[in-house]
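Dear colleague,

Please find below the structure that I am handing over to you. My notes on it follow directly after.

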Amino acid sequence: MHPSAVPHAHDPYVRVRGAREHNLRGVDVDIPRDALTVFTGVSGSGKSSLAFGTVFAEAQRRYFESVAPYARRLIHQIGAPKVDSVTGLPPAVSLEQRRSSPGSRSSVGTVTTLSNSLRMLFSRTGSYPPGAERLDSDSFSPNTAAGACPSCQGLGRVHRTSEELLVPDRDLSIRQGAIAAWPGAWQGKNLRDILEALGHDVDAPWRELSAKDREWILFTEEQPVVTVHPVREADRIQRPYQGTYMSAHRYVMRTFSDSKSDTLRARAEKFLSDSPCPVCEGRRLRPEALAVTFAGRTIAELAALALSDLDSVLASARGGGEAARVLTEDLRSRIGPVTELGLGYLSLDRAAPTLSAGELQRLRLATQLRSGLFGVVYVLDEPSAGLHPADTEALLGVLDRLKEAGNTVFVVEHHLDVVRHADWLVDVGPLAGEHGGQVLYSGPPQGLAEVADSATARYLFRDPRQDGPGRRAPREASGAVRLNGVYRHNLRDVAAEFPLGVFTAVTGVSGSGKSTLVGQALAREVGERLADPRFPVRRLVEVDQKPIGRTPRSNLATYTGLFDVVRRLFTATAQAKARHWKAGRFSFNVPGGRCESCQGEGFVSVELLFLPSTYAPCPECAGARYNTETLEVRYSGLNIAEVLALTVESAAAFFTGVPAAERSLAALSDIGLGYLRLGQPATELSGGEAQRIKLATELQRLRRDHTLYLLDEPTTGLHPADAQVLLRQLHGLVDAGHSVVVVEHDMEVVAGADWVIDLGPGGGAEGGRVVAAGTPADVARATGSRTAPHLARALAARG
């Protein structure tokens, strides 16, 4: 890359030459600035590699070059995109869904910076008790020492243990394992022996111990040290040792707060109850801050309101002078874009980790509207994800306003309404992985109709009645699961019936209660009834979009179990046998065969001052994960790193004749994931890809027992051609006698369902009830449903 390659000052295009990132094949493309450009193509075609991996990555590299020498040195570690040149490229802002998850203290208020404005409003114009000192804005934040409730450190909830949780079976003695919270193996035996050395009866049933002894054993903060004389065992010589006692409560709390092991933390959490903090009553702040009001409410009360309701309160607020007027107007102008994008049901105190990827990205998008940036490239990753058709128009309006403010907008998108709205299309394909990576078309949308190889053109311009997704005769239900009196989040006394043996779609605008009804209420009801032999459902499978792992150590092969098969094949080679290597030698998670420089991750974390840390390929193994000796062993001509670099499609051919591998690979291919690499880190997978990997893992061990599958927006992030592939699999499950329930916004999917349950009519407090239920045709005729007109159009297109 040569910084001197500067375009003519009036050149209105971003010109990319020789892009080879991931599967791109030396791509040359010109993209207009000051326009809305949509990048299209099937999943895995290379559109994200072009938009994010090349254009945004090059803009980021140039930014690093422009700052301090310290940051410039890091460029060599992070690496530059594989591209010959990019000219005409302004600074870029990326809003990507695969960004690291926000922390537990992050909220809607902190993501949008609305909390800052609200705290300033209370600090400057709030009503203080007589004689109270005026507080600065930090005192109204639960994330600062000045504002956080000292009892719960600003979290609003406290974790506690109790005797009932720590000792579930009071008939057992300590020696028999009465204290279930204690660790297993030697550490638990050690604590028992220390108790015995302290003079406690470890053989009497727990219920027979005195209340005073039970209290001390479970909750003491003392840590006495005693000499323990272990019981002699025939084959072992055990010497006395100094043992330190730790109560069950202390062990659980320390493990929960300090352990780096997810497994140990999850185990400790089973012995904790989670309840609102008794001091601040869940409001997270000190009493001094909670004594201040605005419009008669505390800051905690305003933060708990839906944004649409908060806007109404601010609009009707009186008094406070000029400062109050300016600050409330600023707050309302910031709330406006958020509600416009269909997120008015969210409250400022809603924890960011509970938001979907689509909600989080739209919050960031709304924030950018107020940033006042000019002359930058916004690169967006499927902003329509999780968006009801009724809210799509508002999204298009926001994208237009970003453009009209003097910016260039690049969007990776599958939603056909967004594609049609574009000024310019860049279609990548024709297929996924090694069969993609070419720009099939770059130009105004209508010109794509002439491109025969474009999968996007087939759906954008052709008759939707031909071969539409899920077209088949409706099925008859074989029973039903009935929910009555559901109270959860915004659901209030909801009754709903889910027929069995059919494909059911649950619809409604964002925040209407769909995921709560399916993922919580229905899942809980079915889970509780599985033990009843008369209940027709024998298994429950929930397939969500949560990551299959949070570090590069987790990948496609490890999650599906395919990696166990691969390691066994390498262990059986003559080279491995001659060296007496076991399967562990070919694991990158344990010492031995892995590269110790990166400890088998293939990446090293690069810390950037004032910027988020990023991953760079390990300089020792260049991303292979293994040491040189391990890579000398080959199976059918490939070493283990080369096998992990295979795509699912290539691996299917490579492992022909290995039934255990063929089954996993066939399930992944059938669900449209043939383009993914076996060793692709979990951190590089979208939520939709993670969900399909989970579904494929279930499909490869398909059982005959009646199974209920629950899926949350399974077509999110899918090109219409890929959605067809997925729907064939889901309808195949129903044809095999199972039941499928999907939360879905794609009206083509809903039109092909057997039964539809529509929630609403709005989001948050304006939703939470069943507006309509019945066949797609029934729901399309329902009055008061925001889904009905869009479903009616989808049904009419089917003919």
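Strand 20 and strand 21 (residues 739-743) run parallel to each other and are paired through five bridges. The model in which this pairing is found is a predicted one. Within the pair, Leu 710 has Val 741 of strand 21 as its bridge partner.

Both strands belong to an open sheet of six strands with mixed pairing, ordered 17-20-21-16-22-23. The edges are taken by strand 17 and strand 23 (769-774); each has a single partner strand, so one side of each has no neighbour in the sheet. On average, and ignoring direction, neighbouring strands here are turned by 15 degrees against each other.

Strand 17 is joined to strand 20 (residues 707-712) by five bridges, and the two are parallel. Val 543 is bridged to Leu 711 of strand 20.

An open sheet of three strands shows antiparallel pairing in the order 2-1-4. Strand 2 (27-32) and strand 4 (85-87) are its edge strands, each pairing on one side only. From one strand to the next, the twist averages 5 degrees. Helix 1 (residues 47-66) packs on this sheet and touches strand 1, strand 2 and strand 4, and its direction makes about 105 degrees with that of strand 1. Five bridges connect strand 1 (residues 13-19) with strand 2 in the antiparallel sense, and Ala 19 has Val 27 of strand 2 as its bridge partner.

Which residues does the side chain of Asp 30 reach through polar contacts? Asp 30 is located in strand 2. Its side chain makes a polar contact of 2.9 Å with the side chain of Arg 15, and the side chain of Asp 30 makes another, also listed at 2.9 Å, with that of Arg 17. Beyond its neighbours within four places in sequence, Asp 30 is in contact with Tyr 13, Val 14, Arg 15, Arg 17, Trp 424 and Ser 442. The relative accessible area of Asp 30 is 24%, which makes the residue partly exposed.

**Helix 25**

Helix 25 (residues 659-670) contains 12 residues, and from its first C-alpha to its last it reaches 16 Å, close to the 16 Å expected at 1.5 Å a residue. Its buried residues are Ala 661, Ser 664, Leu 665, Ala 667 and Leu 668. Because these cover an arc of only 155 degrees around the axis, they lie on the same side of helix 25. In an α-helix there are 3.6 residues a turn, so residues three or four places apart point the same way. The buried residues of helix 25 pack against helix 19 (556-560), helix 20 (562-571), helix 24 (648-654) and helix 26 (687-699). After helix 25 comes Gly 672, which has a positive phi near 90 degrees.

Is Ser 510 buried or exposed? With a relative accessibility of 5%, Ser 510 counts as buried. Ser 510 is placed in the loop between strand 16 (503-507) and helix 18 (514-529). A polar atom of the Ser 510 side chain lies 3.1 Å from the backbone oxygen of Gly 386. Apart from neighbours within four places in sequence, the contacts of Ser 510 are Gly 342, Tyr 345, Arg 362, Gly 386, Leu 387, His 388, Asp 391, His 745 and Gly 763.

**Backbone geometry**

Most residues other than glycine have a negative phi, and most peptide bonds are trans.

- Gly 429 and Pro 430 are joined by a cis peptide bond with omega of about 5 degrees; Pro 430 sits in the loop between strand 12 (424-429) and strand 13 (438-443).
- The Gly 760 to Pro 761 peptide bond is cis, with omega near 5 degrees; Pro 761 lies in the loop between strand 22 (755-760) and strand 23.
- Gln 153 has a positive phi, near 55 degrees, and is located in the loop between helix 4 (114-125) and strand 6 (157-160). At a relative accessible area of 48%, Gln 153 is partly exposed.
- Ala 622 has a positive phi of about 55 degrees and is found in the loop between strand 19 (614-617) and helix 22 (628-631). Its relative accessibility is 65%, so Ala 622 counts as exposed.

With kind regards

Terms used. Residues are numbered from 1 along each chain as its sequence is written. This is a predicted model: local features need pLDDT of at least 70, side-chain atom pairs count only at pLDDT 80 or more; totals for chains, interfaces and linings use all residues. Side-chain values use heavy atoms; hydrogens and water are left out. Two strands pair if DSSP finds at least two bridges between them. Helices (H or I, at least four residues) and strands (E, at least two) are DSSP runs, numbered from the N terminus. Buried means under 20% relative accessible area, exposed over 50%, partly exposed in between (1.4 Å probe, protein chains only). A polar contact is a pair of N or O atoms within 3.5 Å; within protein, one must be able to donate a hydrogen and the other to accept it, and residues adjacent in sequence count only if both atoms are side-chain atoms. Contact means heavy atoms within 4.5 Å. Axes are lines fitted to C-alpha atoms, for helices over the stretch in contact, and angles run from 0 to 180 degrees between N-to-C directions. The expected span of a helix is 1.5 Å times one less than its number of residues. The arc is that of the directions from the helix axis to the C-beta atoms.
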